[in-house]
Amino acid sequence: VSLENRIGSLKELEEVRGVLVDRSDPDRPVITICTGTGCVASGAETVAESFRKAVEELQLGEKVEVKGTGCHGFCEMGPLVTIRPSGYFYPKVKTGDVHKIIERTVLNGEPIEELLYTDPMSEQRIEKEEEVPFYKHQHRIVLAENGFLDPTDLEDYLQIGGYKALAYTLEWMSPDGVIGFITDSGLRGRGGAGFLTGQKWAVCRSQPKEPKYIVCNADEGDPGAYMDRSILEGNPHRVVEGMCIGAFAIGASQGFVYVRHEYPLAVKRITKAIEDARRAGFLGENILGTGFSFDLKIVRGAGAFVCGEETALIASLEGRKGEPRQRPPFPAESGYRNRPTIINNVETWANVPHIINNGPEWYASMGSEKSKGSKIFSLVGKVNNTGLVEVPMGMSVRQVIFDIGGGIPKGKAFKAVQTGGPAGGCLPAGLLDLPIDFEALTSAGTIMGSGGLIVMDESTCMVDIARYFTKFLEEESCGKCYSCRKGTQRMREILDDICEGRGTMEQLDLLEELGQTVNLASMCGFGQNAGNPVLSTLRYFREEYEAHIKEHRCPAGVCSALIRYEITEALCDGCAACAKLCPSDAISGEKNHLHIINDELCVKCGTCLDVCAKDAVIVVSGGGEEA
Amino acid sequence: MKRISLTINGLPVQVDKGTTVLEAARLYGVEIPTLCSMEGLSDYGACRLCIVEIGPIHRAKIVSSCTTRCEEGMVVRTHSRRVLDARKMVLELMVASTPGSKTIQDLAAAHGLTQVRFRREAEDCILCGLCVRMCEEQMMASAIGFVGRGPDRAITTPFDELSDVCRHCGGCMWVCPACMLRCMGPNAETTLCSGCLNFSPSCVEVYDHTQCWMPPLCGTCVRPEGDYLPAAGHVMNEKTKS
């Protein structure tokens, strides 16, 4: 078979798939190496290269396949290597392990004890990927194929049933039927607002204006969130297929993928996917010989966070400054070039083919009452297993953080989790059993957002966190709405005051009032949530604000203006390690005698705390020792 | 023209299709404050003073009335408590950052603002964008526009260079809510509008050159001694020569 020529009909597609499946041997060992951005950063490229070289040296080219795949999600443990079909799983693989893995696991089919993953909770060695707690409790739909596919290879995608949903749609379904499917499935936008996708499509389809456009929003900008990136990098054809189906449903012939320029690998892989799909006849004129035409174009965003807001994204697509405008009219009525436009998030598009393949009932059977299906979260921060997790909607925060995430490192206590990115809010330990769905999160004062989960432990100061996120929002606000531009600036100023010990109780009231006004008076989803970091921390951690103001004390020992470092006499053995490293020469003392920190010289960098082998250095705030 | 029925503050009203909520309210004598909306210029919605509540009381959405078109059966409340509180807070932010504008001060006074709890700044420009739209839509020059975002957002010429499409019509200044009361037009040649003395000549700082061409000069560029700059065109030639 050749994918160089356009596949002209559905029959041809099935023939091609048949040949591909026949040609592949399910028992042939495949060494899959994660080549997502996270694993590449920890050296996956070199590991993959050594595997290829080793296979060549041992002349195993016929028998063993080496495959660089998309992100497996367990980024903490990269580079990840899984041997299929046996499923043996090796984290943190080094080039030195390569020969051992090939000889013992690939050829002899036995696990290598010392390279296996050790569960930090039970301290058990775990052999297979699916038994690792991080994967075991997940329910993967969109991410499921990432570990099996070479994202640059269309044949791989076709083999697992790729473009089947598109073919089925074009052959058997009417546009209204597709919209009915999506509506019945209960799929809601994965970009944050959670609008019913089917309903949005129906509005767009009913518009008389032509032409219509569809857009994939891949302008993912939340700090610490990278689900969209991993989908585009790991399974780009799924997104292309989803967009094709969406285009058929609403009657569009042109689509755009709006992706950040800061995602070079994602840009590269989606570009390749679009070219391959076009060559093979899944994009362009007369797709699969059905007369339906649709093509995709990539537009790269220049890095403004607010361009993830749909009306700002449209402005940017049109070549104008990325600035939101008031809705209504919604883009589904009047969007790109004032034509009806459907904008969906990467994850939403990637869900579409699965819904067509498995039916709306299947999708609606997962999740909670109003939030259906699964959602990918990027679990980061002070948690043992950081990475991408896909779970059914309605799973509790506790399950995600403790069962999948493996709890908090170094035995520290959980303090809060920030959901929904910078404009989301923090949930305290008391709400750990909250189910993760759109309604529950909103009622708790935060948002689903695009799925960031930043876990914080007891050593995090919530006022400092609110200040960090508010500063981010201040800088990323487009500045159009006075309330948002000045409001975020003034909130940050007040938070600066509180963190530096100048705050007053009146300012605290003002802060709350201001946060509410920013949320109320601003135009777009960015501004309407810009008060959330302040409001949610005030709601759940007010006593921490009060400690900063009334007692000039930072309970977590973070705010540098409110803390001092002290050396405990009983523990200090006078090794002088701290004095040697202190950048401001603030530590004095004779060798083998107690050292003393001069507060006037101390810049509070914390180096002494880190370097002390005896744990003699402590943080003091407001008269007492802190965490 | 199709007529649309809606309720504003409990009063049933009828307007033409395409009318904004702000226009409808004004038509029926309901005054909604605004700084960035002007007849003849497109809607923008930046100042957030014209916000109103739309929809049933418990699920009401707050939108800017200048950018929202009337719809059949719409329920609008222009002066609810939430709206008034939010407007007052926005005005407090404005007075703190742009203390010298009489327009803003008058609005703040009318909304019962008696204290400003934020640190005072001297920003002058509230970035309402009236000048940008005036220049583009009425003067067909597009000499100025927005640059930057967040704290860096500003209105300027492309690359901060002296504009070669600016005709020095002064339209930008005429619409500016922050400086229009400083530049009321023909005063006696020797009078200064007192308000201006509080302002630093920002245009000279940016361009090394005055940009204020509406006669008489607005005064922000006047030296403290009361020493007028020569006529505008002349200044430009002088600078270009040197």
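Me: Is A:Cys524 buried or exposed, and how do I read that?
Reply: Go by relative accessible area: under 20% is buried, over 50% is exposed, and anything in between is partly exposed, using a 1.4 Å probe and protein chains only. A:Cys524 comes out at 10% relative accessibility, so it counts as buried. Keep in mind that this is a predicted model, where local features need pLDDT of at least 70, side-chain atom pairs count only at pLDDT 80 or more, and totals for chains, interfaces and linings use all residues. Side-chain values use heavy atoms, with hydrogens and water left out, residues are numbered from 1 along each chain as its sequence is written, and chains are lettered from A and ligands numbered from 1 in the order in which they are written.

Me: How many disulfides does the structure hold?
Reply: A disulfide is a covalent bond between the sulfur atoms of two cysteines. The cut-off here is a pair of cysteine sulfur atoms within 2.5 Å, and over all chains the count is 0. For A:Cys524, the closest cysteine sulfur is in A:Cys478, 6.4 Å away, which is too far for a bond. B:Cys128 is in no disulfide either, its nearest cysteine sulfur being that of B:Cys131 at 6.2 Å. B:Cys128 is buried too, with a relative accessible area of 7%.

Me: What order do the strands take in the open sheet of chain A?
Reply: Strands of a sheet pair through backbone hydrogen bonds, either parallel or antiparallel. Helices (H or I, at least four residues) and strands (E, at least two) are DSSP runs, numbered from the N terminus, and two strands pair if DSSP finds at least two bridges between them. In chain A, 5 strands run in the order β12-β11-β15-β13-β14, with mixed pairing. At the edges stand β12 (387–392) and β14 (425–428) of chain A, each with a single partner strand, so one side of each has no neighbour in the sheet. On average, neighbouring strands of this sheet are turned by 30° against each other, direction ignored. Those axes are lines fitted to C-alpha atoms, for helices over the stretch in contact, with angles from 0 to 180 degrees between N-to-C directions.

Me: How do I read the interface between chain A and chain B?
Reply: Start with contacts: 32 residues of chain A touch 36 residues of chain B. Then take buried area, the accessible area (1.4 Å probe) that two parts lose on being put together, summed over both. Here it is about 2,900 Å², with carbon and sulfur atoms giving 54%. On the chain A side, A:Tyr482, A:Arg490 and A:Leu520 lose the most area to chain B, together 24% of what that side buries.

Me: And how many salt bridges are there between chain A and chain B?
Reply: The count is 6, taking a side-chain nitrogen of Lys or Arg within 4 Å of a carboxyl oxygen of Asp or Glu. B:Arg119 forms one with A:Asp497, where the closest N and O atoms are 2.5 Å apart.

Methods. Contact = heavy atoms within 4.5 Å.
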